[in-house]
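User: Hi! Could you walk me through this model?

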Amino acid sequence: MAKSIIEGENELTKKILAKEMNQLNNLRDVLARSSQVASNMGNILDSFEHRLARLETTILPVYQQTGNLQRRQQRITKTHRSIVFLMLLGFFFIIGQVEGLVRERPGAMGVPSYLEAMDRLALACQYFEKNNPQSVELENVTTLFEAGTDSLSTEFREELKKYQRPVDPVITMSLIEEDDLNEDTLGGVELVPPSVREDLRSIAAWLDKHNKSDRLTVYAKLRADALTQSLQALRDQQRSGSIERGSTPGAQNSPAFKRQPNMGRGGTLPRHRTGLKNLKNAIGGRLKPPGGNMPYSGVSTPGATGEEILEETDVAIYLTQVTALHRLALAEHLLVQQLVPEDRVTRTFELILKDPMNKLVAEGESLAAQASKSVARGEQQAVLSVLAMLKHVMAMQPEYDRLLVNCQTSIKSKFAAIINMLQETCVKALDGFVEGVKSEGERQLPKDGTVHEVTSNALIFTEQLIDYASTLRPMLERDSSLSSASANHPPGADTAKALLGAYIKRVLSNLGVALVRRSESYSDPTLSSVFRLNNYNYILKTLHSSDLLIFVSLIEPHCDKLYNDQILEQKRLYSQSWSRVLHYLVNAEDISLAVIQAGKLRDKDKQIIKERFASFRRENFNIRIRFTMIFCKSGNFTKKNPESSFFIRFQSFLDQIVWKSFGLDKNKKKSKKNNHIKYA
């Protein structure tokens, strides 16, 4: 019993001992780890201490230098305060120091020195206004400062006025002729000498800095006047040159011009970089009719009786003015950049261009109004002058857009207004021309049935429109009927040409209707057919001899065939009236053609001819009258168709038999004029 108790206690003791031993081992492990951590912490602290030592070694020189800088700053601040104090003291004595300089003219004392004195006065004004606004010193300094400012403004204005002279017209024309404008080229236009520019620039910058920007308005006004004077000088030179050459402005604006052989078609307008020579050629050739003979009679000259007309010289001057304004404006812009502060350049440039642009617009309106009056009087050739203006202005528009890129819309719109105004004038004139072709039936018809004046004028006018196809495009596109007609043009064809072709077709259609209506005014049906035949033939020949057929063919491919059919029909009608005449002449077998051409007629032959003419006179008196009218007054139809065997025979008959038989061959012109009716 006791033994079991002892054994139980031993077992319990062993368990407790094992547990304690286990705890002891754990304690030893923790102690070992703690010792390791302590060792690591000691190493870290040693490293941190070492690094702090190195940082102290590094920072100490910087700290010492910072201290030195702080001491220097304190000395500088003290010195500055001393200087400011001295300056403040100087403000009280500045009037005595700079008054003598400020009272003088800036140019005499030198602009840099004068501006330096004015800067000192400006500082004194600021000091007294801030610290002692009621002081007498402020009043005295302000008075002197204002006097100096006025002197600078006066100097600025006087220097500009000194060089406010117009540019020599010769120099302006050289700018117009220049193909490649650059800063060097524009620099050759000496608006202000280089020696004066720097002083003016310094004065302008100083005035602008001290809120005297109104002086830039003065600059803009003076330069605008100079620009206007330059344009006026160019205009005066052109007018005087025109007078010296003895030109007669406006003479070619009449629709009653005459064709001149080998003259060619004019009207090519200069590009925006075209020289004076080409510009003159464009104006001079603008109204020249195409080459060829014009077989019409009874031409009148409306507008040549002292009425207000659009003169060619005025158009030439206006085109030159448009280009000259651009060139001179470029030179002014370059000068503004050199003299005016950068932030004021655009505004100043706008003020310079305002008046010249207004005058250019007003002059364009005046010319357009004159053109409208000329068109209203039936002088359709005035439209060509407006088209010449419009073509040149449209060519110059990109150049003006680049020049005015930063300007206000109000300035840019002025140039666009010129284009719109000229386009409106052209639209009204073109519409009026179409209606005029149809309605001008009251004019006297040619008695001999030759080409009517309206026919010739219409073709000449439309032919001269060819050179303005691209210019006319935006105006013709407004007409929906023309746009729809040109929409079906052949692929690859120019739309502008198709639109013009549609317009020419409209003119020809109205002309055809008018010719038929006018031909009905003849009492003789044969003369009506002759009238239509001559006009149709003239239209077709003109279409082939010019580029008109190319344009019309884009809209009406069979245009020439239609006219040929009309001509054949009129020839058929005309030939029917000669049946009785041919009966007497063609069947004259008693006299051979060889004998007639040789001119050796026997008395018997002469008697046969007299009897045939007597029979002709007795049987058909009316045909004799038509014979007299057509062949005795005109003779154009026979001369225009020499290939016809009948007309060869008839001409030989007249020359060899009638004239020679009756002794009229010595002076045929006089005989034909005075004795046709008597001896025919």
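Analyst: Happy to. Let's begin with a definition: a residue is buried if its relative accessible area is under 20%, exposed if over 50%, and partly exposed in between, using a 1.4 Å probe and protein chains only. By that rule, 45% of the 680 residues of the protein chain count as buried. This is a predicted model, where local features need pLDDT of at least 70 and side-chain atom pairs count only at pLDDT 80 or more, while totals for chains, interfaces and linings use all residues. Residues are numbered from 1 along each chain as its sequence is written, and side-chain values use heavy atoms, with hydrogens and water left out.

User: Great. How many helices and strands does the protein chain have?

Analyst: There are 27 helices and zero strands in the protein chain. Both are DSSP runs numbered from the N terminus: H or I with at least four residues for helices, E with at least two for strands.

User: And what is the accessible surface of the protein chain?

Analyst: About 36600 Å², with 52% of that belonging to carbon and sulfur atoms. The areas come from the Shrake-Rupley method with a 1.4 Å probe, and for residues only the protein chains shown count as cover.

User: What share of the contacts is between residues 24 or more positions apart?

Analyst: Among contacts in the protein chain with a separation of 6 or more, such pairs account for 80%. Contact here means heavy atoms within 4.5 Å.

User: Let's get to helix packing. At what angle do H11 and H13 pack?

Analyst: The angle is about 5°, and the axes of H11 and H13 are 9 Å apart. Axes are lines fitted to C-alpha atoms, for helices over the stretch in contact, and angles run from 0 to 180 degrees between N-to-C directions. So H11 is roughly parallel to H13; that label covers angles under 35 degrees, with over 145 as roughly antiparallel, 65 to 115 as roughly perpendicular and the rest as oblique.

User: Which residues in H11 and H13 meet?

Analyst: Those from H11 include Met357, Leu360, Val361 and Ala368, and those from H13 include Phe415, Ile418, Met421 and Leu422. By class, the contact of H11 with H13 has twelve nonpolar, four polar and four charged residues. Nonpolar covers Ala, Val, Leu, Ile, Met, Phe, Trp, Tyr, Cys and Pro; charged covers Asp, Glu, Lys and Arg; the others, Gly among them, are polar.

User: How far apart are the axes of H13 and H17?

Analyst: They are 7 Å apart, with H13 (residues 409-439) and H17 (residues 495-519) at an angle of about 20°. That makes H13 roughly parallel to H17 as well. Phe433 and Val437 are among the H13 residues in this contact, and Tyr503, Leu511 and Arg517 are among those of H17. The contact of H13 with H17 divides into eight nonpolar, two polar and four charged residues.

User: Where do H7 and H10 stand?

Analyst: The axes of H7 (residues 194-209) and H10 (residues 312-339) cross at roughly 60° and come within 8 Å. Arg197, Leu200, Arg201 and Ala204 of H7 meet Leu335, Gln337, Gln338 and Leu339 of H10.

User: New topic: Thr348. Buried or exposed?

Analyst: Thr348 counts as buried because its relative accessibility is 3%. Thr348 is part of H11 (residues 345-376). Not counting residues up to four places away in sequence, Thr348 touches Leu216, Tyr219, Ala220, Val336 and Val340. The C-alpha atoms of Thr348 and Thr217 are 6.9 Å apart, though 131 residues separate them along the chain.

User: What about Lys359?

Analyst: Lys359, also in H11, counts as partly exposed at 48% relative accessibility.

User: And Arg478, where is that?

Analyst: Arg478 lies in the loop between H15 (469-476) and H16 (480-486). With a relative accessible area of 43%, Arg478 is partly exposed. Leaving aside neighbours within four places in sequence, Arg478 is in contact with Gln423, Glu424 and Val427.

User: Last one: how many residues of H14 are buried?

Analyst: Twelve of the twelve residues of H14 are buried.
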